[in-house]
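Hi there,

Here is the structure I promised to pass on to you.

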Amino acid sequence: MNKLSKVLPENDRPLRWIAVSATVLIAGLISLWGIYGIKEYGLALFILTPIFIGACPSVIYGLKKQISKRDAWMLGLVTLGVFTVGLLIFAIEGLICIAMAAPIGILLTWIGSLIGHAMITKKPGSASTAMLLLVCAIPSTAFIEKDYAPALTSVVTSIEIKASPEVVWKNVVEFPQLNEPTEFIFKTGIAYPINATIEGKGVGAVRYCNFTTGSFIEPITVWSEDKLLSFNVAEQPAPMKEISFWDINAPHLHDYFVSKKGQFKLSVLTNGNTLLEGTTWYYHRIKPAFYWQIWSNYIIHKIHERVLNHIKDNSESAMEPSRNLHQ
C-alpha cells in the first residue's frame with residue numbers, strides 16, 4: 001500500500017481521475033473477459049462489478065487523502081458513468097440494456113462506495129488487498145455460475161373476447177398484420193410481433209410468429225380445435241435491436257433469453273364470451289434472475305397483450321355481421 005501511495009499525485013483533481021480511470025480500466029477488462037471469454041452475464045457482471053466500481057476509486061483516493069462518504073459516492077457515480085460511456089463507445093452494450101441494468105447498477109455502486117469508504121477509513125492497511133481479492137473473485141464467480149442450469153418460468157396473460165371459441169380459434173392459429181405499436185417499450189428496439197402464419201393443420205403443423213427481428217418457428221404439439229393450441233419453439237429471433245451509435249451484436253442477444261414453448265387456451269364463459277389465455281414458458285441465462293425476470297415478465301406481458309388485443313379486435317369484428325343480422 002505504501003508503494004502505491006507514493007506514486008499517486010498530491011493534487012486532488014489528478015488523484016480523482018487516476019482513481020476513476022484505473023477502476024474503469026480494470027472493470028472494463030474484467031467485463032470483457034466475462035462477456036466474451038467466459039460468456040456469462042451473471043452475478044459477477046451485475047453484482048460484483050458495480051460493487052467494485054463503487055469501492056475501488058474510494059480506496060485509491062483514500063490512500064492519499066481523507067475521503068468522506070459523500071465524496072466516495074460521487075467518485076463511484078462518476079466512475080460508473082465513465083464505465084457506461086465506455087460500453088456505448090466501444091459497442092459492448094446498447095442503450096436499452098444499460099437502461100435496464102441502471103437501477104441495480106446504481107444501487108450496488110452506492111453500496112460499493114460505502115464498503116470502500118469503510119475499508120479505507122477503518123482498515124487502510126488491508127484495503128488494497130481486499131480490492132485485489134474482489135478483482136479475483138469476479139471472474140472466479142463467473143466461471144462457477146456458468147454451470148448452473150436456469151429455471152423455466154411461465155408468463156400468463158388473458159383477455160375476454162365477445163365472440164365464440166370457433167371464431168377466436170381462427171384468429172389464434174394465424175392472424176394478419178398488426179398495427180404499429182403505440183407502447184413506448186416497443187419504440188426502444190424491443191422486438192414485437194407483426195403477424196402469424198401457419199403451414200399445415202393439426203399436430204406437426206408449423207406456425208410462424210413473425211417479429212420485427214425475425215420469426216419464431218413453432219411446431220404444433222397440441223391441436224384441440226376451439227380449445228387449446230400448444231407449440232414448442234424450434235427457433236427464435238433476437239429479442240431486441242439495440243439503440244447505439246454502432247451496429248451492436250452483443251452475445252446476450254443470442255441464446256441468453258430462450259423461449260421454449262407457448263400455448264393459447266380458449267374457455268367458454270357463462271355469458272357466452274370466450275376467455276383467451278396466452279402462456280409463454282422461457283428461461284434466461286442472465287442473473288440475478290429475480291431482477292431480470294421483472295423486465296422479462298413485463299415485456300412478455302406487453303407482447304401477449306399486443307397479440308391478444310389484435311385477436312380480440314379481429315374476432316369481434318368477424319362477429320359483427322351476425323349480430324347485425326339478429327337485430
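Helix α4 (residues 69-89) and helix α5 (residues 95-122) cross at roughly 150 degrees, and their axes come within 9 Å. Axes here are lines fitted to C-alpha atoms, for helices over the stretch in contact, with angles running from 0 to 180 degrees between N-to-C directions. The two helices, α4 and α5, are therefore roughly antiparallel to each other (angles under 35 degrees count as roughly parallel, over 145 as roughly antiparallel, 65 to 115 as roughly perpendicular and the rest as oblique). The crossing of α4 past α5 is right-handed; a crossing gets that name if the near helix is turned clockwise from the far one by less than a right angle, and is left-handed if anticlockwise. On the α4 side, the contact (heavy atoms within 4.5 Å) includes W73, G76 and L77, while on the α5 side it includes G105, T109 and W110. By class, this contact of α4 with α5 has 11 nonpolar, 6 polar and 1 charged residues. In that count, Ala, Val, Leu, Ile, Met, Phe, Trp, Tyr, Cys and Pro are nonpolar, Asp, Glu, Lys and Arg are charged, and the others, Gly among them, are polar.

Before you go on, two notes on the source. This is a predicted model, in which local features need pLDDT of at least 70 and side-chain atom pairs count only at pLDDT 80 or more, while totals for chains, interfaces and linings use all residues. Residues are numbered from 1 along each chain as its sequence is written, and side-chain values use heavy atoms, with hydrogens and water left out. As for names, helices (H or I, at least four residues) and strands (E, at least two) are DSSP runs, numbered from the N terminus.

Helix α5 also packs against α3: their axes come within 6 Å and cross at roughly 35 degrees, again in a right-handed crossing. Among the residues that meet are G54, A55 and S58 in α3 and G105, L108 and G112 in α5. The contact of α3 with α5 has 13 nonpolar, 9 polar and no charged residues.

Next, look at α2 and α6, which pack at an angle of about 15 degrees with their axes 10 Å apart. That makes α2 roughly parallel to α6. Residues I26, I30, W33 and I38 of α2 make the contact with V135, I138, P139, A142 and F143 of α6. This contact of α2 with α6 has 9 nonpolar, no polar and no charged residues.

Where is the largest cavity lined? Its lining includes I30, A44 and I138, and α2 (12-38), α3 (43-62) and α6 (124-145) each supply at least two residues of that lining. A cavity is a set of points, on a 1 Å grid over the protein atoms alone, where a 1.4 Å probe fits but cannot get out; lining residues have an atom within 4 Å of a point. The largest cavity has a volume of about 60 Å³, volume being the space filled by probe spheres set on the points, which are joined across faces, edges and corners. Its lining has 6 nonpolar, 3 polar and 1 charged residues.

Finally, two backbone details. K39, in the loop between α2 and α3, has a positive phi near 60 degrees. The peptide bond from K287 to P288 is cis, with omega near 5 degrees.

Happy exploring!

Conventions
1 Å grid on protein atoms, 1.4 Å probe; cavity = no way out; pocket = protein on both sides within 12 Å on 5 of 7 lines; lining within 4 Å.
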